[in-house]
Amino acid sequence: AVPALIRALRDRERPVRQAAVKALGAIGPDASPALPALEREIKRESWPEAEEAVRRIRAGASSSGAGR
């Protein structure tokens, strides 16, 4: 699912990108491969939802990283 959501971040339609951002944030640390794409979106436009998704992914990764 994560690779498809990363591709969706490049969609021309903002609602598609927004849905991908929300889904990636909900997935949490397993979505860490999407961090570079999310960070590009944040640089491209001010996007609080993407910033929150990055925080959720990183927070989950740091709290569960010891067991991986």
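The largest nonpolar core has 18 residues, and those touching the most other members are V2, L9, V21, L24, A34 and L38. Helix 1, residues 2–8, helix 2, residues 14–27, helix 3, and helix 4, residues 48–64, each supply at least two residues of this core. Keep in mind that this is a predicted model.

Take V2 from that list. Leaving aside neighbours within four places in sequence, V2 is in contact with L24, I27, D30, A31, P33 and A34. Two of the core residues I named, L24 and A34, are among those contacts.

Now the overall layout. The protein has 4 helices and 0 strands, in the order α-α-α-α along the sequence. There are 68 residues, and 35% of them count as buried. For contacts between residues at least 6 apart in sequence, 55% join residues at least 24 apart. The accessible surface is about 4,200 Å², with 53% of that area belonging to carbon and sulfur atoms.

On to helix 1, and A8 in particular. A8 is buried, at 19% relative accessible area; the cut-off is under 20%. Not counting residues up to four places away, A8 touches V16, R17 and A20. From A8 to Q18 the C-alpha distance is 9.0 Å, for a separation of 10 residues in sequence.

Next, helix 3, residues 35–44. Which of its residues are buried? They are L35, A37, L38 and E41. Viewed down the helix axis, they fall within an arc of 165°, so they line one face of helix 3. The face turned away from that buried side carries R40, K43 and R44, which are exposed.

E41 brings me to the charges. The model has 7 salt bridges. In one of them R17 pairs with E41, with the closest N and O atoms 3.7 Å apart. R17 is in helix 2 and E41 in helix 3, so this pair ties together parts 24 residues apart in sequence. Are the two partners buried or exposed? R17 is buried at 7% relative accessible area, and E41 also counts as buried, at 7%.

E41 has a salt bridge with R44 as well, at 3.0 Å between the closest N and O atoms. E41 and R44 are 3 residues apart in helix 3, about one helical turn. R44, at 51% relative accessibility, counts as exposed. R44 also meets E45 in a salt bridge, 3.4 Å from N to O. Put together, R14, R17, E41, R44 and E45 are linked in a network of salt bridges.

Conventions
Residues numbered from 1 in each chain as written. Predicted model: local features only at pLDDT ≥ 70, side-chain atom pairs only at ≥ 80, totals over all residues. Heavy atoms only, no water. Buried < 20%, exposed > 50% of the residue type's maximum accessible area, 1.4 Å probe, protein only. Contact = heavy atoms within 4.5 Å. Areas by Shrake-Rupley, 256 points an atom, 1.4 Å probe, with all protein chains shown as cover. Arc of directions from axis to C-beta. Core = buried A, V, L, I, M, F, W, Y, C linked by side-chain atoms within 4.5 Å. Salt bridge = Lys/Arg side-chain N within 4 Å of Asp/Glu carboxyl O.
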